[in-house]
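Please report on this protein chain. Cover its salt bridges, cores, sheets and surface.

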Amino acid sequence: MKAWEATVRKTQAAAKKRANTIFGTSYAVENSEEETEEQEEEIHASGEVYHAERFLPNGDYYTGYWADNFPHGQGKYWWTDGCMYVGEWFKGKTMGKGVFSWPSGGMYEGNFTSGFMDGEGTYTGAIGGTYRGSWVMNLKHGYGVKEYASGDSYEGEWSRGNQEGQGKYTWKNGNYYVGEWKNGKIFGHGTMYWTNGNVYEGNWEEGLPSGNGTYKWPDGSFYVGNWSTDPKEQNGTYYPSGSQQEWDPQQMFANDLKDFKICPTEKIPVWPSQKKLAVWRSTKGSESSVRPRRMSVDGRIDASVEKDLGNMRLSDGAAPSAWISGSGMGEGEDAYAGAQSGTPLRIPKVAKRQGETISKGHRNYDLMLNLQLGIRHSVGRPGPPPSLDLKPSAFDPKEKFWTKFPTEGSKITPPHNSCEFKWKDYCPKVFRTLRMLFKVDPADYMLSICGNDALRELSSPGKSGSFFYLTNDDRYMIKTMKKAEVKVLLRMLSAYYNHVRAFENTLVTKYYGLHCVKLNGQKVRFIIMGNLFCTEYTIHKRYDLKGSTFGRLTDKPESEIDSNTTLKDLDLNFIFRLQKTWFQEFRRQVDRDCEFLEQERIMDYSLLVGIHFTEASTEEHTVTPSGCRTPIDNGGSENESYSRLSNVEQLLLDPAGWASIRLGISMPARVERTVRNNESEFQLVGEPTEEYYDVILFFGIIDILQDYDITKKLEHAYKSIQYDPNSISAVDPKQYSRRFRDYIIKVFAEDA
């Protein structure tokens with residue numbers, strides 16, 4: 001403690017001298033001033049690594065190796081609030097092995113990457129809990145062991161700071177659970193063991209038994225059935241081995257599980273990546289025009305109000321990121337200035353809202369009324385709450401129901417102003433359950449499709465000849481279907497259901513209903529699905545990506561391209577850069593989705609990507625590279641400074657907010673501009689230019705109902721004679737899946 005007080009006294013003395021020098025006042029200070037002055041007078045060559053001791057004017061203290069005005073190599077940094085880092089540095093960033101300690105008593109020892117706790121490491125909390133395992137950008141992610149201060153422990157998989165996947169939780173009384181977890185709660189299939197010998201094995205939801213499960217006693221008795229906290233939904237059979245002939249399953253919820261609480265994760269008051277690093281600037285060998293800035297240990301430059309203190313500038317607020325701009329902060333002022341050379345990117349003009357409103361007199365007005373009447377009938381029909389465990393009969397293609405809608409109405413249908421029609425529901429139990437699985441509220445669903453607002457018909461049908469309709473709130477898209485597509489969907493419906501149930505972050509299209517209207521002897525089949533671009537953000541560019549080259553260039557002249565134009569593979573001039581955990585999850589999910597589609601013999605699908613540029617100028621139709629933003633702000637409050645940050649930057653300052661981002665929906669990211677080699681006519685992925693733009697991304701896999709039928713086989717044979725077989729879309733599902741995955745992982749990359 002005495003050493004710390006001595007350090008503070010020295011630092012305060014040095015700061016006092018520097019501050020007074022600004023106003024022309026000079027005071028005699030202790031020897032520490034002379035030492036500080038000697039530090040300032042030393043001149044070192046650019047890139048030279050040397051040992052230094054820095055008493056910084058704001059009270060921070062650093063001792064260790066130094067290069068180009070930044071810590072570089074082994075060193076110790078001590079903040080005035082009591083936080084301390086001892087370990088490896090790289091150009092002003094904590095990088096490599098190190099120890100970070102908090103004044104509360106908490107400590108992290110392990111690997112760091114760009115200021116973040118990242119890699120293998122051990123965190124010991126102020127109240128005694130310990131976590132040993134894998135970290136990704138300050139969050140527990142991967143395999144790890146957590147020992148809680150209460151005496152409980154968890155060993156298993158983590159995702160973004162919470163237990164997720166397979167894991168074992170042991171309570172201090174000896175009871176333990178082994179099985180699946182989701183978002184920090186027991187969820188999925190697992191087994192609970194009590195110290196008295198009782199065992200429950202089955203399904204769980206939100207930490208409680210739900211669905212099929214078996215409860216066993218040591219004497220051989222057991223209860224098997226469907227579990228629910230609602231006694232009305234609970235049903236099963238008790239098989240006693242002794243004299244007790246009855247047992248109420250609700251006793252398990254009331255007694256056996258009442259003390260099974262999962263300990264919350266200790267909150268870390270400030271992340272190491274949020275700690276700001278006071279940058280030293282020598283008076284010798286530096287240009288007067290260069291303005292030093294305070295930055296955080298992950299390389300972020302502070303952009304808010306600055307205060308002069310001698311040879312250094314301090315800042316009060318949070319800051320935009322050099323990590324975002326793509327120019328490593330550790331390379332001094334020149335690195336940042338170099339990023340300013342990027343030229344603004346032209347973006348398409350923002351088009352009017354898509355679609356023509358279907359009003360009275362429109363050729364499809366009666367069809368729209370029929371559709372709305374049918375949806376209201378199907379969704380509003382009373383029935384038991386759906387169970388996630390569906391019987392095989394629910395997926396039978398013969399599971400379809402016709403309903404007649406006479407104009408005067410009937411016992412089950414209302415009177416209406418349209419002409420008489422018939423309505424067909426395909427596999428209604430399955431789609432009702434899918435809507436529940438996708439968290440779609442029935443009332444909101446009906447209001448979106450069947451409310452007072454009319455549907456909008458898109459201006460032109462798709463390549464397949466299908467017509468598309470949008471609800472007024474943009475939440476749902478309705479697509480007319482061919483009979484062959486309906487057959488494909490019904491054939492793969494069971495596999496589709498199991499896939500979307502198993503993988504919450506699946507990128508495949510979400511389907512909510514499959515129906516048919518028979519009007520004047522003509523059948524119109526259609527599917528209701530989610531609209532990927534239902535957002536308040538303006539989608540400036542949209543791409544349909546397959547990984548093939550034949551016919552994959554937009555034939556419109558640039559003057560006719562607007563924000564509603566769907567561009568293709570050879571139009572793409574970006575690499576999409578995702579934050580590390582999101583990229584890992586994206587890559588895993590693309591593999592899972594492609595394996596599913598390959599097994600179902602599906603091909604010709606694509607990844608639909610929408611881009612919102614956060615720095616876009618709507619008047620000039622341009623967007624400036626993120627590195628071009630001025631790093632210095634001469635005024636404004638801390639809140640104003642924070643509001644100017646991009647979504648990615650705000651998330652970096654609050655990593656806990658990452659959990660609110662879903663894969664493919666409103667994802668903050670960066671895109672790196674690319675250029676194609678003129679000598680290569682069909683170069684799929686251009687060369688990176690190190691020119692970056694802050695964006696919000698939307699993406700998902702669409703058009704998943706094309707199987708490799710005889711038509712596609714003939715198309716492949718015919719086009720293969722004329723063109724390179726690898727350049728065409730119509731290829732075998734296995735080859736299509738491999739090519740699609742290889743291409744997508746080239747245009748999506750980890751943001752390092």
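Asp474 forms a salt bridge with Arg353, and the closest N and O atoms are 3.9 Å apart. A salt bridge here is a side-chain nitrogen of Lys or Arg within 4 Å of a carboxyl oxygen of Asp or Glu. The pair links distant parts of the chain, 121 residues apart. Asp474 sits in the loop between strand E27 (468–470) and strand E28 (476–481). Arg353 sits in the loop between strand E22 (345–346) and strand E23 (356–357). Arg353 has 47% relative accessibility, so it counts as partly exposed. The cut-offs are under 20% relative accessible area for buried, over 50% for exposed, and partly exposed in between (1.4 Å probe, protein chains only). Helices (H or I, at least four residues) and strands (E, at least two) are DSSP runs, numbered from the N terminus.

The model is predicted: local features need pLDDT of at least 70, side-chain atom pairs count only at pLDDT 80 or more, and totals for chains, interfaces and linings use all residues. Residues are numbered from 1 along each chain as its sequence is written, and side-chain values use heavy atoms, with hydrogens and water left out.

**Salt bridges**

The structure holds 23 salt bridges.

| Pair | Closest N and O atoms |
|---|---|
| Asp474 and Arg353 | 3.9 Å |
| Lys546 and Asp604 | 3.0 Å |
| Asp751 and Arg670 | 2.6 Å |

Lys546 pairs with Asp604. Lys546 lies in the loop between strand E31 (541–545) and strand E32 (566–567), and Asp604 in the loop between helix H10 (580–599) and strand E34 (606–613), so the pair ties together parts that are 58 residues apart in sequence. Lys546 and Asp604 are buried.

Asp751 bonds to Arg670 through a salt bridge. Asp751 is in the segment after strand E39 (748–750), while Arg670 is in strand E37 (residues 667–675), 81 residues apart. Both Asp751 and Arg670 are buried. Elsewhere, salt bridges that share partners join Asp591, Glu595, Glu598 and Arg741 into one network.

**Sheets**

Eight strands form an open sheet with antiparallel pairing. Their order is E23-E26-E27-E28-E30-E29-E25-E24. E23 and strand E24 (400–405) stand at the edges with a single partner strand each, so one side of each is left without a neighbour in the sheet. Strands pair if DSSP finds at least two bridges between them. E23 and strand E26 (residues 456–457) pair in the antiparallel sense over two bridges. Glu356 has Glu457 in E26 as its bridge partner.

Another open sheet has seven strands and mixed pairing. Its order is E32-E31-E34-E38-E37-E33-E39. The edge strands E32 and E39 each pair on one side only. E31 and E32 pair in the parallel sense over two bridges. Tyr543 has Leu567 in E32 as its bridge partner.

**Cores**

How many residues does the largest nonpolar core have? The count is 103. Such a core is a set of buried Ala, Val, Leu, Ile, Met, Phe, Trp, Tyr and Cys residues joined through side-chain atoms within 4.5 Å. Tyr496, Phe613, Leu697, Phe699, Ile744 and Phe748 have the most contacts inside this core. Helix H9 (residues 483–502) supplies the largest share, nine residues. Apart from this core lies another of 46 residues, among them Tyr62, Tyr169, Trp194 and Cys263.

Beyond neighbours within four places in sequence, Phe613 is in contact (heavy atoms within 4.5 Å) with residues including Leu345, Ile347, Phe574, Val623 and Val671.

**Surface and backbone**

Phe222, Val224 and Tyr239 form a nonpolar surface patch with about 230 Å² of accessible area together. Patch members have over 30% relative accessible area and no salt bridge; like charges are joined within 9 Å, and nonpolar side chains (Val, Leu, Ile, Met, Phe, Trp, Tyr) within 5 Å. Areas come from the Shrake-Rupley method with a 1.4 Å probe; for residues, only the protein chains shown count as cover. Val224 is in strand E16 (residues 222–227) and is partly exposed at 32% relative accessibility.

Two residues other than glycine have positive phi. Cys427 is near 40°. Cys427 lies in the loop between strand E25 (421–426) and helix H7 (428–437) and is buried at 0% relative accessibility. Lys439 has a phi of about 60°. Lys439 lies in the loop between H7 and helix H8 (442–450) and is exposed, with a relative accessible area of 68%.
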